Each structure stands twice: as structure tokens, then as C-alpha cells.
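Have the structure open as you read.

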Amino acid sequence: MSDTLFVNSTELGATAGDWIALLKPRVMSLVVFTGAIGLVIAPQHMNPVLALTAILCIAVGAGASGAINMWYDRDIDALMKRTASRPVPAGRIEPGSALAFGVVLAVCSVLLMAVAANLVAAAVLAVSIAFYVFVYTMWLKRLTPQNIVIGGAAGAFPAVIGWAAAAGDITALPLLLFAIVFFWTPPHFWALSLYASQDYARAGVPMLPVVKGARHTRVCVAVYTLILLPVTLAPYWFGLTGRIYAAAALVLGVAFAYYSWKVLADEQDATGKSLTGDVPARAAFKFSILYLFLLFGACAVDRLI
Amino acid sequence: MKPNAPRFENENWSPEMVAEFKRRQRGRNLALLAVLGGFCVLIYAVAVVKLHEYGQMW
């Protein structure tokens, strides 16, 4: 490819990969997984074709939220290193096209969910998309350092949607799975924000380390990880899962607490800024993803055995 | 560029840029074809399953 071609790459328009990038595929993988677990652990059997369609609807709905988020946040995305190369701020996709893409996919995913599964699942899917777009993206994200705490609910919906798609109702177990993801989100994101805080500060996003400082954020990561432990054990205490899940929740919870303690005890200056390149925070962030996969996987294994 | 003219007729573009533009356009078109085809198959499969569930087909 010539230099001229490289320089004018944005003028040449988007690739198919750029449109896929609008859907935030990495976030989508976690959403699909938790949605699939919700569907699998529901007591009712669902036809495999309809089950796959329901999971696809969850994935597309989440992707649509991501596309609308990229449309709305294009100004701050352009200021952050981590997001500056996204298709909209980089100029490869027109903002209006990204918005239209997101809205069409959101509507299609909700309608298809209503046809393939039921109205309860479709309604919760619609609420989750609206919550992510209006409550998190447009309202909380630029307003308060608690944006992740409340906005985390958006990522907690998929397990409930999966359950509702199969069962047609919402009972205690999917609500507890919702609570688990809700309390898992803050330490997950705050671990990331500890080493991406300069990006957020440049964009004026009031993430916790930007507003309250790194030291306060480290304490919050540790506190939320400790709160998460009893929440993950609640399904066992209520008799909704067995010992396999309880053992997994306990071991994983202790491991997550250990990682958060390492974040708290990281070598730091007077303001709490890491002197080790935030190695513990990076490790905690990576582990938090593995944690959720293993915890939900254990829940599915426990319910199916 | 003339109004309504295809973008690859932009006289400032080098032959490599025109080729890259066409490659990207072809990629987008094929991806859209795959998505639309998959959507048709999906709707057909859901319709068959739903008809079967309600006992209206067999």
C-alpha cells in the first residue's frame, strides 16, 4: 500500500470490519456468554433454533447499544488514545450512519426477540438498550464518578434476558445473577480506569480516579470486591444452586479479593499513583473477566448436573 | 467530482486508491449480502419452528 493510500485511508470509506467494530465485539462476547448462561439455567427447555435466535438478539441488541454509544461519544473518543482509532472519531464512518446502524439493529433485535422468544424477554432487552444509551451514555457517564456503579446495570441485563427468553418470566435466580454482574462491574472498570485515567482526564470524563484520585479508587475496588463475595454466595444460601457453584464462588471470590488487595497495596506515591506501571491493576482487570466467565460457567454446570 | 458520480471517479485519487476503494466496497457488499442472506434463513427457520410448535404445519 502506498503512503498516499495510507494517508487517505479514511477518505476511502469504511471496511466491513469497521462496521463490526461499531458493535464492540469484545464487550459483546461477555454479554453473549452471560445471556447464554441465563438461558441454559432456566428450568424450561427452549427449541435450539429459537435459543440461538434469542442469543443472537441479545448480541445484536448489545452491539446496537455500542454503536449508538460510539455515535454519542465521538467527541470524547477522539480525545482518548484508547478510542481515537474507532471508526467514527477516525472519520471512516459518518456519525449519522453509525446512529442509524445502531437504531435499526436495536429495533430489529427487540422485534425478533418478541417473535422468537416472548414479550418479557423483548421488553427487558429494550429496557437494557435504553438504559445503556440514555441512562449511562447520555446522562451518567459525563456527570458523576458513580457512572459505572449505576450504569453497570446495563451490562447486568443479559442473564435476565436469557432466562426470560426460555422461561417467560423473571424469578429470584436471574435477579441474583443481575446483582452479581451489577456489583462486579465497578471493580472491573475501576481497575481499568486506574491505568487509563489520563485518557479519561483528557476527555473530561469524571471517572473515579480523575475526580477522587487513585488512592480512593484502590479502596473502592477492594470494598466492592468484598461486597461481591456474599452477593455471589446468595444463590447458594437461597437454595437455588448447589455446592459446586458455592465452592466456585468462594474460591473465585477469595482470588478476586487477593487481586484487589494487590491493587490496594501497590507501590504508590502520595496521591496513590502507581510506581509499578499499574501492574496489579492490569492483572486485576484481566482476572475480573476470567472471574465472571468461571463463576457463570460454574453456575451452569451446577444447575445442569 | 461531478454530482452523483461514484467516489472512485475522484480525479485526485491514484490508481492504488481507486483499487483500494473498490476492494473495500466489494468487502462491504459481500458482508451485507451475507447478513441479509443469514437474516432470511433465520426468519425462515424461526417461522418453521413456530408453526411446528403451534401444530399448524404438520
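Let's begin with a helix pair in chain A: the axes of α9 (residues 172-203) and α13 (residues 279-304) come within 8 Å and cross at roughly 150°. Axes here are lines fitted to C-alpha atoms, for helices over the stretch in contact, and angles run from 0 to 180 degrees between N-to-C directions. That angle makes α9(A) roughly antiparallel to α13(A); the cut-offs are under 35 degrees for roughly parallel, over 145 for roughly antiparallel, 65 to 115 for roughly perpendicular, and oblique for the rest. Helices (H or I, at least four residues) and strands (E, at least two) are DSSP runs, numbered from the N terminus.

A word on the source: this is a predicted model, in which local features need pLDDT of at least 70, side-chain atom pairs count only at pLDDT 80 or more, and totals for chains, interfaces and linings use all residues. Residues are numbered from 1 along each chain as its sequence is written, while chains are lettered from A and ligands numbered from 1 in the order in which they are written.

On the α9(A) side, the residues that meet α13(A) include A:W184, A:P187 and A:H188, and their partners in α13(A) include A:F285 and A:L292. Two residues are in contact if their C-beta atoms, placed from the backbone, lie within 7 Å.

A second pair is α7 (residues 119-140) and α8 (residues 147-167) of chain A, which pack at about 170° with axes 9 Å apart. This makes α7(A) roughly antiparallel to α8(A). Among the contacting residues are A:F131 and A:Y132 of α7(A), and A:F157 and A:I161 of α8(A).

The table sorts both contacts by class. Ala, Val, Leu, Ile, Met, Phe, Trp, Tyr, Cys and Pro count as nonpolar, Asp, Glu, Lys and Arg as charged, and the others, Gly among them, as polar.

| α9(A) with α13(A) | 10 residues | 2 residues | 1 residue |

Now for the domains. Chain A is divided into domain 1 (14-169) and domain 2 (171-305), with bounds from an automatic or database domain assignment. Their C-alpha centres lie 21 Å apart. The contact takes 26 residues from domain 1 and 29 residues from domain 2. On the domain 1 side, α8(A) gives the most, with 9 residues.

Finally, chains A and B also touch: 13 residues come from chain B and 14 residues from chain A.
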